[in-house]
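Let's take a friendly walk through this model together. Have a look at the sequence and the 3D view first, and then we can go through the parts one by one.

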Amino acid sequence: MANARALDKRRKSIKNIRKITRTMELIATARFKQAMDRASAATAYTNRVTGLVANLANTGMQLSHPLLESRDNPRTSLQLVLTSNRGLCGGYNGNVLRMASDNQQQLSDEYPTSLLEVSGKRGVTYFENRQTALAEAFLQFEDKPKYEEVERIADRYLDAYATGIIDRLDVCYTKFSSIARQEATVETLLPLGTLVDDPSDLATGSEGQGEIEFLPSAESILQEVVPMSFKVKLFKCFLDAAVSEQVARMVAMKSATENADELIRELSMTYNRARQGQITGELLEVMGGVEALKN
Amino acid sequence: MAANHLEEGVDVTSGARVLECVVVTPEETTLQTPAQFIALPLFDGEIGIAPGRAPMIGRLGFGEMRIREGNHVYRYYVDGGFVEVSGNLVSILTQRAIAAEHLDQAEIETALAAAQKKPANTPELLAIRERAVAQARGQQWVTRSLG
């Protein structure tokens with residue numbers, strides 16, 4: 001039978017760990033809600049942009065723009081990987097990094113030069129350990145990515161794409177579909193391909209309003225709408241990654257807390273048994289002693 | 001969507017026609033207010049929007065947006081984007097909307113100087129530079145009219 005004191009010590013340390021995981025779970029829950037609100041604000045914006053594109057499309061204009069078309073002779077690709085700065089979030093980083101490595105392999109087969117940029121400490125150390133050179137690393141994105149910061153990155157990509165420094169941009173991140181479902185995905189953001197993900201959205205543009213006036217012209221608006229929707233898409237990737245990270249941490253910490261509960265219950269039982277055994281042993285010794293004195 | 005005292009774009013209390021103005025950025029809905037008049041920097045000059053404006057979509061430039069509601073005037077710097085007028089609803093989609101009093105003169109000066117130093121030896125680089133300069137000048141303009 002194990003030593004009762006050692007068991008008690010173990011039980012105490014597990015209780016402390018449980019406290020920590022429980023707190024982390026609560027923090028992740030609160031952060032998740034905030035991140036979720038921000039993501040839905042961005043969605044409202046995206047919807048309005050989609051409505052605008054729908055109005056443009058309804059004019060019968062050809063939606064073409066340099067950012068929408070792929071290039072004939074691509075030379076350089078760039079992959080941006082979004083991971084978290086902190087660990088203890090289950091398979092979140094592992095899933096993204098596995099996907100990113102596969103995609104990077106593919107890109108380097110297809111393109112003479114393939115660059116890699118990573119956001120998040122976890123991703124940076126992962127690629128450092130594999131001796132993969134990073135073109136750029138970002139550590140400033142936590143649970144609330146700022147649009148301003150993302151925009152700076154987006155502008156750099158747009159400039160690089162316009163001047164022909166890069167010919168393709170992939171973003172590898174965790175897409176948030178619902179609270180129970182987040183998936184690591186790779187999305188090609190440049191060239192954009194299409195302005196609207198779901199063609200049925202186009203039909204829902206404001207109809208029956210009569211003629212809409214375009215100032216200065218529909219073409220000019222298209223010129224602006226394309227880079228804008230790229231930026232918003234990239235921002236959405238960062239937001240999705242942030243939301244998914246919090247969900248992943250929430251789930252991981254929840255199961256850690258449950259596991260700790262289980263361990264505490266088992267240990268308590270063993271401890272009680274050990275203690276009882278010890279007491280019984282001591283009693284027997286006392287009684288044995290008394291018997292011996294009697295004789 | 002419309003404020004409580006608005007009905008079909010008409011202010012119930014005074015009977016005057018009112019616009020419903022929504023300013024949205026990717027991060028948040030910055031401002032949602034009824035308005036009597038809105039002045040916006042379009043891509044090629046300023047536009048004024050009063051109630052009863054025909055439906056339109058306009059491309060915004062970089063500059064000062066003024067929204068008049070009663071005696072109060074909201075003043076913002078808007079950083080490109082679009083304005084969409086349909087009926088009485090005016091939606092302004094912009095990447096950034098900064099209240100005029102939150103702009104920092106010194107920061108703008110350095111941004112302008114940095115923008116002017118950018119290379120401009122190809123058409124693409126020139127376009128990039130011009131955009132950065134226009135942004136800084138737009139902010140400068142808003143702070144000037146503040147002082």
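Is the crossing of H4(A) and H6(A) left-handed or right-handed? Keep in mind as you look that the model is predicted. The crossing of these two helices is right-handed. To find the place, look for helix H4 (residues 147-162) of chain A, whose axis comes within 9 Å of that of H6(A), with a crossing angle of roughly 125 degrees. An angle over 145 degrees would count as roughly antiparallel and one of 65 to 115 as roughly perpendicular, so H4(A) and H6(A) are oblique to each other. On the H4(A) side, the residues that meet the other helix are A:Tyr147, A:Val150, A:Glu151, A:Ala154 and A:Leu158. Their counterparts in H6(A) are A:Pro227, A:Phe230, A:Lys231, A:Leu234, A:Phe235 and A:Phe238.

Next comes the sheet. Chain A has an open sheet of five strands, in the order S3-S2-S1-S4-S5 and with mixed pairing. Strand S3 (136-138) and S5 of chain A each have a single partner strand, so these edge strands are each left with one side that has no neighbour in the sheet. From one strand to the next, the twist averages 20 degrees.

Both senses of pairing can be followed by eye. Strand S2 (residues 113-119) of chain A runs parallel to S3(A), with three bridges between them, and A:Val118 has A:Ala137 in S3(A) as its bridge partner. Helix H3 (residues 121-129) of chain A packs on the sheet, where it touches S1, S2 and S3 of chain A, and its direction makes about 140 degrees with that of S2(A).

Two residues lie between S4(A) and S5(A), and the two strands form a hairpin. Within this pair, A:Lys175 stands opposite A:Glu183 of S5(A).

As for A:Val96, leaving out residues up to four places away in sequence, its contacts are A:Val81, A:Leu82, A:Thr83, A:Cys172, A:Tyr173, A:Thr174 and A:Ala184.

Methods. Residues are numbered from 1 along each chain as its sequence is written. Chains are lettered from A and ligands numbered from 1 in the order in which they are written. This is a predicted model: local features need pLDDT of at least 70, side-chain atom pairs count only at pLDDT 80 or more; totals for chains, interfaces and linings use all residues. Two strands pair if DSSP finds at least two bridges between them. Helices (H or I, at least four residues) and strands (E, at least two) are DSSP runs, numbered from the N terminus. Two residues are in contact if their C-beta atoms, placed from the backbone, lie within 7 Å. Axes are lines fitted to C-alpha atoms, for helices over the stretch in contact, and angles run from 0 to 180 degrees between N-to-C directions. Angles under 35 degrees count as roughly parallel, over 145 as roughly antiparallel, 65 to 115 as roughly perpendicular and the rest as oblique. A crossing is left-handed if the near helix is turned anticlockwise from the far one by less than a right angle, and right-handed if clockwise.
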